[in-house]
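The following paragraphs lead through a protein structure, from one residue to the whole fold and on to further local features.

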Amino acid sequence: MGEEALQHFMSLGLVSILLILSPLLSYLVRLPPSIAEILLGLCVASFGWLSPDDSVFFVLAKMGFFFLMFLAGMEIDLTYFRKLGISFAKRAIVYFATIYCLATLVVFNCGYPPFYIIVFPVMSVGMIVALLKYYGKDQIWLNTALQIGILGEFLSIIALVVVNGFYTLGFTFELYKSLMFFVGFLLLMSLAFACVRVIFWWFPSLKLVFIPRQIQMNEDIRFAMMLFFVFIAIVLYLKIDVILGAFFAGLVLANFFQYDQNLPKKLHDVGFGFFIPLFFVYVGSTLDVQIILENAYLFHHALQLMGIMLCLHFCAHLLANRRFFGDLLTLILSAFSSCVPLTFLVATATLGKSIGALQEIEYYTFVIAAVSEGVFFVLAIKILNLWRKRMQNDV
């Protein structure tokens with residue numbers, strides 16, 4: 001075995017040890033696992049034991065990022081959103097119109113780069129799902145945050161794909177060509193979804209050819225991974241961002257193969273058991289402790305970023321959901337819950353840095369803000385919920 005191959009395996013061996021230590025650290029200090037993984041990657045890289053320049057480590061981290069988008073697609077059940085009715089649709093339109101308009105105003109009035117227009121409204125359901133497990137599914141503020149968060153994550157992915165084209169290709173014919181392919185791909189996927197739905201309605205047993213009800217040889221995992229890589233290959237061939245291919249692969253599984261209730265858990269185990277934690281370790285390894293210590297203002301900028309994001313979500317909830325919630329404290333709880341996009345904010349920062357939309361210092365600010373939101377906003381939710389319960393008991 002060559003020296004280079006040995007170096008790759010040593011790096012992966014070290015990363016595997018960190019992935020074992022991460023749940024333990026997360027349990028001891030009561031931090032979300034992704035934050036623990038970022039911190040472990042930062043510590044090990046600061047001693048020079050792990051390098052983000054390792055090509056195999058980099059490729060596997062990319063795979064983790066794509067798998068995160070794949071699982072994000074699996075969160076969207078189109079049938080579920082149809083059942084929510086026109087009332088929710090109106091509130092969602094008001095919410096997202098408000099938050100994106102306010103984000104645009106803040107960016108142009110405060111001199112932030114245009115990339116921040118998609119940063120401030122960015123949402124993710126990862127932490128919301130974790131909060132649901134802790135507080136239960138009977139909390140109206142959390143259920144609303146989840147419904148809004150699923151749509152927000154979808155819009156964030158679409159925005160990232162479009163912005164990636166702008167920064168990668170510039171205002172050239174290639175950009176317009178890429179956007180035409182992108183719009184055509186979305187229309188084609190919509191048509192394909194409608195056609196496949198009709199086919200499966202007429203021939204429901206056809207689904208069982210791909211994923212049988214009685215799984216004997218991991219057919220469901222094999223089919224899911226086939227979709228994952230085939231969709232990525234298609235978007236690469238069409239020169240569309242890989243994020244979209246991974247996302248639509250998850251969308252197909254969530255909407256046509258719901259009967260296999262074990263598949264989402266299996267894929268989450270694969271993703272969050274190795275690939276996605278490895279991505280967060282990689283993010284931590286890209287940070288330089290010296291830069292963080294020498295630039296204390298990074299924390300001030302991260303605090304600004306957190307404050308703006310929270311204010312935008314609060315204003316959006318105020319306009320869209322004030323009558324639905326009925327009281328201010330419930331609305332504030334939902335605003336905090338909508339504003340913990342830990343995984344997706346880190347993913348956005350990684351993409352922004354790779355396409356040149358963010359400078360290195362801004363990248364650090366994003367990661368610090370993501371980690372801080374995952375700690376302090378979750379703590380604020382706990383305090384506010386206790387206060388809300390006390391007020392209800394007093395009444």
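Is Thr-348 buried or exposed? Thr-348 is buried, because its relative accessible area is 1%; buried here means under 20% relative accessible area, exposed over 50%, and partly exposed in between, with a 1.4 Å probe and protein chains only. This is a predicted model, in which local features need pLDDT of at least 70 and side-chain atom pairs count only at pLDDT 80 or more, while totals for chains, interfaces and linings use all residues. Residues are numbered from 1 along each chain as its sequence is written, and side-chain values use heavy atoms, with hydrogens and water left out.

Thr-348 belongs to helix α16, residues 342–354. Helices (H or I, at least four residues) and strands (E, at least two) are DSSP runs numbered from the N terminus. Apart from neighbours within four places in sequence, Thr-348 contacts Phe-115, Val-119, Val-122 and Leu-160, where contact means heavy atoms within 4.5 Å.

On the scale of the whole protein, the secondary structure consists of 17 helices and zero strands. Among the 395 residues, 51% count as buried. Of the contacts with a separation of 6 or more, 80% join residues 24 or more positions apart.

Ser-285 counts as buried because its relative accessibility is 5%. Its side chain reaches the backbone oxygen of Tyr-282 at 2.6 Å. Not counting residues up to four places away in sequence, Ser-285 touches Gly-41, Leu-42, Ala-45, Leu-50, Pro-52 and Phe-57.

Helix α14, residues 297–325, contains a kink of about 55° centred on Leu-319; the bend at a residue is the angle between axes fitted to the seven residues ending there and the seven starting there. Just after α14, Gly-326 adopts a positive phi of about 90°.

The cysteines remain to be considered. The structure holds zero disulfides, a disulfide being a pair of cysteine sulfur atoms within 2.5 Å. Cys-101 is in no disulfide, and the nearest cysteine sulfur, in Cys-315, is 12 Å away. With 49% relative accessibility, Cys-101 counts as partly exposed. Cys-110 counts as exposed, because its relative accessibility is 53%.

Notes. Polar contact = N/O pair within 3.5 Å; in protein donor to acceptor, adjacent residues only side chain to side chain.
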